[in-house]
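I am opening a notebook on this structure.

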Amino acid sequence: MDSASPISRAVSPASLPPPAESASLLERAFQDALLLPDESVMGTETDETRVRLLDAAYEQFCRTGIQRSSMEEIARRAKLSRITLYRKFESKDALVVVCHEHGTGVS
């Protein structure tokens, strides 16, 4: 009877890829995780997300003022993650500028 557990047999050195191949697989997975969606592929969804964020920002700015509004509050109001907000707008200043340029009344 073999005393090794099923897990240790499954992860035996013989079943693992060579170190160089393992490193490249890990590197590729990490790079894929960091890739932002291609906006040309996303198209309308990206535009809708941007509009939701701009609307939420305008509402939040009107409610609490630009100075007291946080990116987290804006993301929450848009029902999106902060990551999504920061992918569209690098800072609150950038968001204020775009709101102003698009005539949402922020000044």
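**Entry 1: glutamine 60.** I started with glutamine 60, which is buried at a relative accessible area of 5%. I use buried for under 20% relative accessible area, exposed for over 50% and partly exposed for in between, with a 1.4 Å probe and protein chains only. I found glutamine 60 in helix α4. Helices here are DSSP runs of H or I with at least four residues, strands are runs of E with at least two, and both are numbered from the N terminus.

I then listed the contacts of glutamine 60, leaving aside neighbours within four places in sequence: Gly65, Ser69, Glu73, Ile74 and Arg77. Contact means heavy atoms within 4.5 Å. The side chain of glutamine 60 makes a polar contact of 3.4 Å with that of glutamate 73, and one of 2.9 Å with that of arginine 77. A polar contact is a pair of N or O atoms within 3.5 Å; within protein, one must be able to donate a hydrogen and the other to accept it, and residues adjacent in sequence count only if both atoms are side-chain atoms. I also noted that glutamine 60 and alanine 75 lie 15 residues apart in sequence, with their C-alpha atoms 9.9 Å apart in space.

**Entry 2: what kind of model.** This is a predicted model, in which local features need pLDDT of at least 70 and side-chain atom pairs count only at pLDDT 80 or more, while totals for chains, interfaces and linings use all residues. Residues are numbered from 1 along each chain as its sequence is written, and side-chain values use heavy atoms, with hydrogens and water left out.

I looked up the confidence next. pLDDT is the predictor's confidence in each residue, from 0 to 100. Its mean for the protein is 74, and 53% of the residues reach 70 or more. Among the elements, α5 has the highest mean pLDDT (95) and helix α3, residues 39-42, the lowest (46). Over residues 38-42 pLDDT stays under 50, and the model has 3 contacts beyond four places in sequence for them. Where pLDDT is low, the predicted coordinates should not be read in detail.

**Entry 3: overall make-up.** I counted 7 helices and 0 strands. Buried residues are 21% of the 107 in the protein.

**Entry 4: the core.** Which residues touch the most other members of the largest nonpolar core? They are Leu54, Ala57, Phe61, Ile74, Leu85, Phe89 and Leu95, out of 15 residues in that core. Two or more residues come from each of α4 (44-64), α5 (71-78) and α7 (92-101), and α4 gives the most, with 5. A nonpolar core is a set of buried Ala, Val, Leu, Ile, Met, Phe, Trp, Tyr and Cys residues joined through side-chain atoms within 4.5 Å. Beyond its neighbours within four places in sequence, leucine 85 is in contact with Leu53, Met71, Ile74, Ala75 and Leu95.

**Entry 5: cysteines.** I found 0 disulfides, a disulfide being a pair of cysteine sulfur atoms within 2.5 Å. Cysteine 62 is exposed at 52% relative accessible area, whereas cysteine 99 is buried at 0%.

**Entry 6: lysine 79.** Lysine 79 has a positive phi of about 60 degrees, although it is not a glycine. Lysine 79 is exposed, at 70% relative accessibility.
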